[in-house]
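Subject: Structure handover

Hello,

Here is the structure we spoke about. Please look through it first; my notes follow below.

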Amino acid sequence: MTAMGTTTPSHLPVMYAQVLDALCIRPEGRYLDGTFGRGGHARGVLERLGEGGRLLLMDKDPDAIAVARDGLARDPRVALYRGSFADLAAWDATADGLDGVLFDLGVSSPQLDEARRGFSFGKDGPLDMRMDPDSGESAAAWLARADEAEIADVLWTYGEERMSRRIARAIVARRAEAPLGRTGELAELIAAIVGRRDNGLHPATRSFQAIRIHINRELADLEAGLAGAVSRLRVGGRLAVISFHSLEDRIVKQFINARAKAPPANRRMPAVETFVPSLRAIGGAQRADAAETRANPRARSAVLRVAERLEAAA
Ligand SMILES: C[S@@+](CC[C@H](N)C(=O)[O-])C[C@H]1O[C@@H](n2cnc3c(N)ncnc32)[C@H](O)[C@@H]1O
């Protein structure tokens, strides 16, 4: 089922129609898109708002904010904030409550496409990978100082890279000769260890994903962002989250379940008598339809989860 009764063409953002359906947009409601990107979803929300509706936009990335400032943010119904959605509850504009919150996680196509951002193993550029280049440590700086065990741990935990230890050892050996400063150098070094993968993915895919998640503190931000969203959602308000890998989806699923269902009874633990659900899960994991996954390879790994805010616990 889609909002517009059509399949999603490739120029629309991932799971566009399902996201707009999920948010149940009311023309006079207040909505927050915590991951503006290039504003594909945000534009769809804004089109459904009336004069009294409000759309709050956030992104960590200055390039995304610049696009929003020159575009959607000119609309008087829109407010813009550069920063992490982890801090959404600290933004004054959210204090009146929200009728819907969207997180479309991960990196945007422009971040991957622009070599200077350093996210891509396919395009040589400075080894940066920060969504917000003005804060925190670049991938190059982290790889220059982290010890071998920490690098291996990140590659394994966030990338499930089976060769994490060998790759970490090679990185440490290489940097003893010269600093690793380019995405191309890192991709080549990893490819020389991993060789070809049967799944057709570039041998550095998992390692680049892992380093990016670590550098941007993506999982910690997600946990904080989900908590912030629930604290600001009005009763009946909707939370919609699109994840692109199992680590993110597990966090979203567990977050919703922990607030929607009483924990199972356990004879050895005191009974939790006063469980009051604060969320209701709306269906389970949704995936992009076949037409969209054919048109947009990125949609193949997308999982949308939706929940509705219930009456606040007394
Ligand atoms: C997949 S893109 C979003 C695409 C967007 N839905 C669209 O239609 O264009 C993800 C965006 O979220 C931003 N982002 C990721 N994590 C963030 C966070 N914790 N706080 C704010 N922005 C974040 C990234 O900088 C990127 O621009």
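Which residues does Arg-117 touch, not counting residues up to four places away in sequence? They are Gln-111, Gly-125 and Asp-128, where a contact means that two C-beta atoms, placed from the backbone, lie within 7 Å.

Two notes on reading the model. It is predicted, so local features need pLDDT of at least 70 and side-chain atom pairs count only at pLDDT 80 or more, while totals for chains, interfaces and linings use all residues. Residues are numbered from 1 along each chain as its sequence is written.

Arg-117 sits in the loop between α4 (109–113) and α5 (139–145); helices (H or I, at least four residues) and strands (E, at least two) are DSSP runs, numbered from the N terminus. Arg-117 counts as buried because it has 23 C-beta neighbours inside 10 Å. The cut-offs are 20 or more other C-beta atoms within 10 Å for buried, 12 or fewer for exposed, and partly exposed in between, with C-beta atoms placed from the backbone. Arg-130 is 13 residues from Arg-117 in sequence, and their C-alpha atoms are 7.4 Å apart.

Next, the ligand. Of the 21 residues around the ligand, Pro-13, Thr-35, Gly-37, Gly-40 and Asp-104 come nearest (a residue is near if its C-beta atom, placed from the backbone, lies within 6 Å). The shell consists of six nonpolar, nine polar and six charged residues. Here Ala, Val, Leu, Ile, Met, Phe, Trp, Tyr, Cys and Pro are nonpolar, Asp, Glu, Lys and Arg are charged, and the others, Gly among them, are polar.

An unreviewed UniProt entry lists a "binding site" that includes Asp-59, Phe-85 and Gln-111; UniProt positions are given in the numbering used here, feature names are shortened, and annotations may be inferred rather than shown by experiment. Asp-59 is in strand β2 and is buried, because 28 other C-beta atoms lie within 10 Å. Its contacts beyond four places in sequence include Thr-35 and Arg-82. Phe-85 lies in the loop between β3 (78–82) and β4 and is also buried, with 27 other C-beta atoms within 10 Å. Beyond four places in sequence, Phe-85 is in contact with Thr-35 and Asp-221, among others.

Last, the strands. In β5 (residues 233–243), eight of the 11 residues are buried. Strand β4 (residues 98–104) runs parallel to β5, with six bridges; strands pair if DSSP finds at least two bridges between them. Strand β8 (residues 303–309) pairs with β5 in the antiparallel sense, over six bridges.

Regards
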